[in-house]
Each structure stands twice: as C-alpha cells, then as structure tokens.
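Biologist: I am new to this structure and would like to learn how its features are read. Could you take me through a few of them, giving the general idea before the particular case?

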Amino acid sequence: MTATKGERTRARLTAATAALLQKQGYHATGLAEIVATAGAPRGSVYFYFPGGKEALACAALAAAGAEWRTRIEALIAGAPDLGSAVVAVCDELGRELEASGYTHGCPLATVALEAAGTSDAVRATVAAHYDGWIDALAAHLVSHGVPAAVAPRFARFALAAIEGALMLAKVARSRAPLTEAGETLRAMMALVPRVAG
C-alpha cells in the first residue's frame, strides 16, 4: 500500500526530529530547523502535530525507540549466548557512535536528561520505551534460564550500564567504555543464577 502525501510528510517530520534530537537534544532543536531538515511546508507541523514541538518530539522518540528496540532484539536473538548478546549490542552501539563522529548517542537518553524534568509527555514517552527495552531483555534472560524474579533487576542494571557507557564513549570520543561495559557484563552473566532445565 502506497503512503499518502500526508503520511509521507508526517514521516519526514518525525524522522527529521528524531535525527536532530539524537544529535543536539530537545532545547537546541527548533521547529524551523525541523521543517527545513524535513523539507516540509512550514504549516505542516501544527497540522500533523497540533501539540507542536512537544507532540512531534514524543512521536519522534517513540519511533526511534521502537527502531532501536527492533535492532537490539535482532542482535540478541542472533547471539549464541547471553554474554555474546551483550557484547554484540555494545559493539553495534560503538560502531554507530564512531561512524557519526561521536555526535549521536542513544536517541532517548539525550532528551531524557534534558527535557524529562520539564515535559511530562516527553518523560512518559522515554519511560515507556526504557520499560519496553527492559522487558524485552528480561524476557530473553528468562528464556536462557535466568529466574523471572532476578531477570528484570539484571536487565535494568545492564541497560543502565550500557547507557552510561554510551555517554562516556561519546564524551571520550572512544568506543573503549562500551567495549569495557560489554566485557564486564559478559563476565557478570556467568554469575547470574540459572533455573535447572
């Protein structure tokens, strides 16, 4: 099914916003820049997003979060074991960060640190996607024999470690913090209790 002109314009606005938010954050991203980057008519923002910048940012964050979750789940599913899965995720994030010249980080973290305290809609969007990532990782841990009571806690810790390493890597302009986080989490995986099959 071919997308309508309106759907294509909405998608361009959302994609442009996601890219700008990931690179420069919420407050540095203005509507004029979004419109110019998307190549969209100026009035289209409020036509498709009556809530303005906040609504557009939430849509962009939701789309970017869903895309990253799909990519992360594919990496995890393709790994032979839990430790390799974590290393694969950290390696992929490191490659992407390096390819961007260390300007792109997590599409959610940049905005979460900056705007979650001033916009409840942004905070709720980011929280929902982080929860989704944690749930997906916890489910994968359980499928590998990690007790259901332990899996969410370890999943949350792993996400926090990876997000922190991504920020450190961006600041240091080096993939080393992500590589170290992946290897450390791999070692910790060996210590997580398993349920007998």
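This is a predicted model: local features need pLDDT of at least 70, side-chain atom pairs count only at pLDDT 80 or more; totals for chains, interfaces and linings use all residues.

Biologist: Why do residues three places apart point the same way?

Modeller: An α-helix has 3.6 residues a turn, so residues three or four places apart point the same way. Helix 7 itself covers residues 120-143, and its 24 residues reach 34 Å from the first C-alpha to the last, close to the 34 Å expected at 1.5 Å a residue. After helix 7 comes Gly 145, which has a positive phi, near 90°.

Biologist: How many aromatic pairs does a search of the whole structure find, and what describes such a pair?

Modeller: In general, two aromatic rings are described by the distance of their centres and the angle of their planes. Here the search of the whole structure gives four aromatic pairs. One of them joins Tyr 130 and Trp 133, which are edge-to-face, at 5.6 Å centre to centre and with 75° between the planes. Tyr 130 is buried, at a relative accessible area of 18%, and Trp 133 also counts as buried, at 9%.

Biologist: Which aromatic pair is tilted?

Modeller: That is the pair of Phe 154 and Phe 157, whose ring centres are 6.5 Å apart and whose planes meet at 45°, so the pair is tilted. Both residues lie in helix 8, residues 151-172, three residues apart and therefore separated by about one helical turn. Phe 154 is buried, with 10% relative accessible area, whereas Phe 157 is partly exposed, with 42%.

Biologist: Which residues form one aromatic cluster, and where does the charged end of Arg 71 sit?

Modeller: The cluster consists of Trp 68, Tyr 130 and Trp 133. The charged end of Arg 71 sits over the ring of Trp 68, at 5.7 Å from the ring's centre. Elsewhere, Lys 53 lies over the face of Tyr 26, 4.4 Å from the centre of that ring.

Biologist: How many salt bridges does a search of the whole structure find, and which side chains meet Arg 71 in one?

Modeller: The general idea is that side chains of opposite charge can pair when their charged atoms come close. A search of the whole structure finds seven salt bridges. In one of them Arg 71 meets Glu 92, at 3.1 Å from N to O. Arg 71 lies in helix 4 (residues 52-77) and Glu 92 in helix 5 (residues 82-99), so this pair ties together parts that are 21 residues apart in sequence. Arg 71 also meets Glu 96 in a salt bridge, at 2.5 Å from N to O. That pair links helix 5, which holds Glu 96, to Arg 71 in helix 4, 25 residues apart. As for accessibility, Arg 71 is partly exposed at 28%, Glu 92 is partly exposed at 23%, and Glu 96 is partly exposed at 24%.

Biologist: Which residues make the nonpolar surface patch, and is Val 171 buried or exposed?

Modeller: Leu 113, Met 167 and Val 171 make a nonpolar surface patch of about 370 Å². Val 171, which lies in helix 8, counts as exposed, at 70% relative accessibility.

Terms used. Residues are numbered from 1 along each chain as its sequence is written. Side-chain values use heavy atoms; hydrogens and water are left out. Helices (H or I, at least four residues) and strands (E, at least two) are DSSP runs, numbered from the N terminus. The expected span of a helix is 1.5 Å times one less than its number of residues. Rings of Phe, Tyr and Trp (its six-membered ring) pair if their centres lie within 6.5 Å; planes under 30 degrees apart count as stacked, over 60 as edge-to-face and the rest as tilted. Buried means under 20% relative accessible area, exposed over 50%, partly exposed in between (1.4 Å probe, protein chains only). A charge sits over a ring if NZ of Lys or CZ of Arg is within 6 Å of the ring centre and within 35 degrees of the ring normal. Patches are made of residues with over 30% relative accessible area and no salt bridge: like charges are joined within 9 Å, nonpolar side chains (Val, Leu, Ile, Met, Phe, Trp, Tyr) within 5 Å. Accessible areas come from the Shrake-Rupley method with a 1.4 Å probe; for residues, only the protein chains shown count as cover. A salt bridge is a side-chain nitrogen of Lys or Arg within 4 Å of a carboxyl oxygen of Asp or Glu.
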